[in-house]
Amino acid sequence: MADITAEAAPRGHQPATAAPRRPPVLAVGPLAWVRANLFSSWLSTAVTLALGYLLVRWAVGFVDWAFVNAIWSVPSVNGTAQTQACRALQGSGACWAVVTEKHRFILFGTYPYEQHWRPAICIVLFIGLYIVSAMRRFWRKELALVWLGTLAVIGVLMWGGILGMPYVPQERWGGLVITLILSTFGIAFAFPLSILVALGRRSRMPAIKMLCVLYVELIRGVPLISLLFMASVMFPLFLPEGMNIDKLLRAQIAIILFAAAYLAEVVRGGLQALPKGQYEAADALGLSYWQKTGFIILPQALRLVIPPLVNTFIGFFKDTSLVLIIGIFDLLTAGKTAIVEPAWQGFGIEVYVTAGLIYFIFCFAMSRYSQNLEAELNRHRVR
Amino acid sequence: MKPMRLATLRALGAAALVGALTSAPAMAQQPAPAQNAAATMDAIKARGTLSCGVNTGLAGFAQPDSQGRWTGFDVEYCRALAVALFNDAGKVRYVPTTAQNRFTALQSGEIDVLPRNTTATLSRDTSLGLDFPAINFYDGQGFMVKASLGVKSAKELDGATVCVQPGTTTEQNLSDWARASNIKFTPVVIERQEELVSAYLAGRCDAYTTDVSGLAATRSAQPSPADHIILPEVISKEPLGPAVRHGDQRWADLVRWTHYLLLAAEEFGITSANVEKAANDDQRPEIQRMLGKTGGLGAMLGVDNAWGVRVIKAVGNYGEVFERHLKPLGIQRGPNAQWTQGGLQYSQPFR
Amino acid sequence: MSDTAADPRLLRAPPKKGLRLSWADERLRAIVWQVLVLGVVVSIISWLVSNTSHNLEVRRIATGFGYLSREAGLPIAESVISYSPTDTYARALIVGVLNTLKIAIVGIILATFLGTLVGIARLSKNWLLSRIAATYVEVVRDLPLLLQLLFWYAILQGLPGPRQAMHPMEGVFLSNRGLKLPWIQWQDAHSFALLGFVAGLVLTVLHARSARAKQMADGKPRKVWPAALGYLIGLPVAIWALLGAPWQGDIPALRGFNFQGGLTITPEYFALLLGLVMYTAAFIGEIVRSGILAVAKGQWEAAEALGLPRGLIMRKIVLPQALRVIIPPMTSQYLNLTKNSSLAVAIGYQDIVSISNTTLNQTGQAIEGIAVIMAVYLTFSLSISLFMNWYNARIALVER
């Protein structure tokens, strides 16, 4: 802070006679900052020194492990990787060779090798979709069309079967793109559902209200894992004999139902935050329920819920990793399967660190965005 | 302004509806299994691909390689069936299944056959509505310990910590055996195999128990296999084989005879390299029948008569499959040798 | 507003309308809608149920909870109550529920503690401390919990084996078999002492209540702690001493393959606890921070102006107000922690999900197995919600 005040001090108005005096070193400038923020008291000094020591020690150890002693690739004989060099490290360095060797499997799973460009484009499309959705000037109703269009293109790319692209069944999809599909399709379908449920929960019709309350509380009361188990082993029993839904789609349905219950509470928060006058004014205009909801209430309420919506999305993005437990090849499962091969057994930490980094990049970007957005929206409101 | 917005809203609704309608059938584009269980084979032929349930990753039996292609002993059976039906080993959809959802997947018709190192037992045969047409791998449950522990027999394991996979026959065998031999142990139960193995390697457990083949595979994968010993006791019988739904004998027949084909081919010394020549030149009557020159056996199974040649050419005989996937893991033929070599693998005659 | 009610014209009751058979009648529309929606939901459910019962019959899958009384045959590594594989499935499931409770309760307590520390650290004037706390929160929140659990478990497995165990002090061993601590040999006297402690807790609460009532009456504050000390420590110790003061240490020692005796914290439990606490504490830290920030600065200043010491300000002025902001989101974090404990299945801690899952595998009865899991978690969720709602109502601002 001291820096800023020094910078901002008016410069042009100093009388020429008085030679500019430097402020005392310990009052402004980096030294003063250090004194005020790191060594202000005995306790603070002790904390700083202890933390600094631990931090440096840990950082040195990490750099040694991750870079200095690390092995980035290993030779391969007859298609089997020779990992003796990695084993010889005995954990003193990272064996990034496992990532070098398996990175395409971790990213794309069992998708046909020659067709990897298709999921790669899908990943780019997903990221593009997130970026477009993040820009406030695209917050229009047409955005929904953009979503529909992009998701359709992604579906076509992944399945193929037209335009000369060979058909690829869902069982072969895998890796990062599954994580993105499960979370993005999850939110895209859960969002409209959640709006209906949130409206239903505030409805004056007792039966509908009860249904919605029951749905939301039931789903929120159980862990996602039990829903996934349900999708995995119970769902096939629900369908008539002969009808059959793919495992990925079943997991997707479970995630949609789960996400909708949580999103419904977020949307309900937005609906409740609207001043009552808005409802009354709409009623006074003689608008019907759907007109009132569609033109007055939702456009305002949804704007309010965007930051918590992004946070909920981050949650689902992370939670999709639970499909590991029912054997779907998402990013984490692909990473774990990559180390099944005997040559690579025991290099779990390297794979976890890599998968963690990918998750972190996505979640960190989104959470930063949501924080900025919240601040921006609040500033607008305060003014 | 207002009508335009309304129009947008409607267009949006319509688009969403169209999207949902068009995507729904695409997503539900699933193997429609036979209404009556007797028509699995027709359903597979109509669909054009075989749905094969495999392990999510078990070295040697089924695991995806760096390029995402499934390989392994069990996978070869999927390929053999696909070749028998379609003359194309690529027409298989591999459905990774966990120990938990494998039977549901088979019962519901999501998969046609489950070659997933599954033990044939009475209760699975009856109350789960499955059939095990053939046993392609005879296994048994054993223990592996670190050599440094100095243990020579499983009887010495009293008080030990044992790594075991939950929800499998292995777990029940272990507690049955411990009770019978009056041994107390602490279990460590982890669902995923690779994690269980790494727990054992890290020393979390004193002993690791699973099928002997799995133990051998794990052992040979270690930088120095001599550090681990497999104890002599085999505490259970684990006949592993492909499972199909109960009640469709035609399909079960094809699965059974495809296995016998691989066995018989090995017995008669027919390999993927010499099968074409043998089909033309070999004068032994059983081989002529097996490879479709005479007898019309293929047609009886619902495939064409040259199926034997195609299957052997594509995947090789039982011995070749074994050599390719299990030998590198250090698994010996043992009980899986031909009956002529003193093993249990015995093909019924092609007649 | 109520003044206008004096106008007799406004006292008129609204016209009582009969139900008209017209789409314009709002009540009729409401009824039609509800009947329609309920009808759709009921028919979907009955369709699913009929499919299910047909499928169960065709596939010859057994139904009902009869399996609960059968012998389980599954080994369980850690159990609060005595258990052996010859016990029934019902008992195995109870063990699972208790194991879930064991992780959830300890996890909630530790996460609250660590979370509060993190929240306060983020507000610290020490730049390094607040930056580290902020980085911790950011990193931990942006990684999937499952990944963190696998990571911690992999780390804990890297500890030395039992024969090379770390041995920081007498009777304490840290190895990849877990943390071994000395414990006492449990006897009846200890159980009674524990009961005495619970009784002391009740007495303390009653005493505090009467003391407060007296203070309300005459304005004189009374000290509660000497009596509380007596109740909470004196009573159990007295009971224990009366019963002969049994004191036999149970020191772990390496015998055979493993450590025998003592108290064990297994790596599975520890990894799960570590993962859950670290993860939840990051969220709780943010809640605590925003709670403290939500208390207006004027409250501090006003309290300081009254000459109250800092500790008292925190305890009596700031914290009660911050708690009001903190409690509702904290409740959902506690619920999350409890639900997240179900990830135990991935690292081999045998909680209710893991055991029910194994049961489901052995019996093939998927519906019952999942119903058990859901029922258990719904019960937990409802209990935590009810308790926290009650507590929230107790500390809520009484608006006059």
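Which residue in strand 8 of chain C is the bridge partner of Leu179(C)? It's Ile265(C). Keep in mind that this is a predicted model, where local features need pLDDT of at least 70, side-chain atom pairs count only at pLDDT 80 or more, and totals for chains, interfaces and linings use all residues. Residues are numbered from 1 along each chain as its sequence is written, while chains are lettered from A and ligands numbered from 1 in the order in which they are written.

**The sheet in chain C**
- Pairing takes at least two DSSP bridges between two strands; strand 3 (residues 178-181) and strand 8 of chain C have three, and run antiparallel.

**Confidence in chain A**
- Mean pLDDT (the predictor's confidence in each residue, from 0 to 100) is 81 for chain A, with 91% of its residues at 70 or more.

**Where chain B meets chain C**
- Contact (C-beta atoms, placed from the backbone, within 7 Å) links 31 residues of chain B with 29 residues of chain C.
- Helix 6 of chain B gives the most to the side of chain B that touches chain C: six residues.

How values were computed. Helices (H or I, at least four residues) and strands (E, at least two) are DSSP runs, numbered from the N terminus. Two residues are in contact if their C-beta atoms, placed from the backbone, lie within 7 Å.
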